[in-house]
Amino acid sequence: EWPDIDDMRKPVITVKPKSGFWKGGVYNFELTVPDEYPHKPPDVKLAEKIYHPNIDYNGNVCLDLLRKDWKPVYTLEDVVIGLEFLLLNPEGDDPLNLEVGAIFCDNPTLFKSNVRKSLGGSRVDGQDFP
């Protein structure tokens with residue numbers, strides 16, 4: 001979807017996981033497509049706060065496709081698939097949110113509980129989740 005029809009370089013991608021830790025959530029990823037696209041990847045930021053090892057509390061997303069693995073043949077559809085995959089399969093070995101990544105790797109039961117709490121709007125690790 002394009003919130004501003006006059007600015008086609010800023011689409012919003014809505015992802016609604018049907019399985020996994022974040023099942024039932026609704027996540028809006030704001031993309032900014034640079035003038036150099038497709039030679040440079042779009043910037044991606046999550047509008048909502050999420051308890052996730054690869055997305056920090058400011059909405060910054062760590063996805064290899066958007067960084068070191070980007071190739072000009074990739075499309076925005078590939079970005080959508082990558083974001084959906086990230087919500088189905090978080091990566092604990094290369095976390096952006098180090099604290100959440102450590103819990104994901106070291107204590108999966110606590111991680112799952114923290115995700116559930118965050119989805120319910122509770123406070124987790126000093127962070128408020130709406």
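**Core, helix pair and cysteines**

A word on the source. This is a predicted model, in which local features need pLDDT of at least 70 and side-chain atom pairs count only at pLDDT 80 or more, while totals for chains, interfaces and linings use all residues. Residues are numbered from 1 along each chain as its sequence is written, and side-chain values use heavy atoms, with hydrogens and water left out.

Next, the core. Tyr-51 is among the residues with the most contacts inside the largest nonpolar core, which has 27 residues. Such a core is a set of buried Ala, Val, Leu, Ile, Met, Phe, Trp, Tyr and Cys residues joined through side-chain atoms within 4.5 Å; buried means under 20% relative accessible area, exposed over 50%, partly exposed in between, with a 1.4 Å probe and protein chains only.

Now the cysteines. A disulfide is a pair of cysteine sulfur atoms within 2.5 Å, and the count here comes to zero. Cys-62 counts as buried, at 14% relative accessibility, and Cys-105 counts as partly exposed, at 40%.

Cys-105 also belongs to a helix contact: Val-100, Ile-103, Phe-104, Cys-105 and Asp-106 in helix 2 meet Pro-108, Leu-110, Phe-111 and Asn-114 in helix 3. Helices are DSSP runs of H or I, at least four residues, numbered from the N terminus.

Conventions: Contact means heavy atoms within 4.5 Å. Helices (H or I, at least four residues) and strands (E, at least two) are DSSP runs, numbered from the N terminus.
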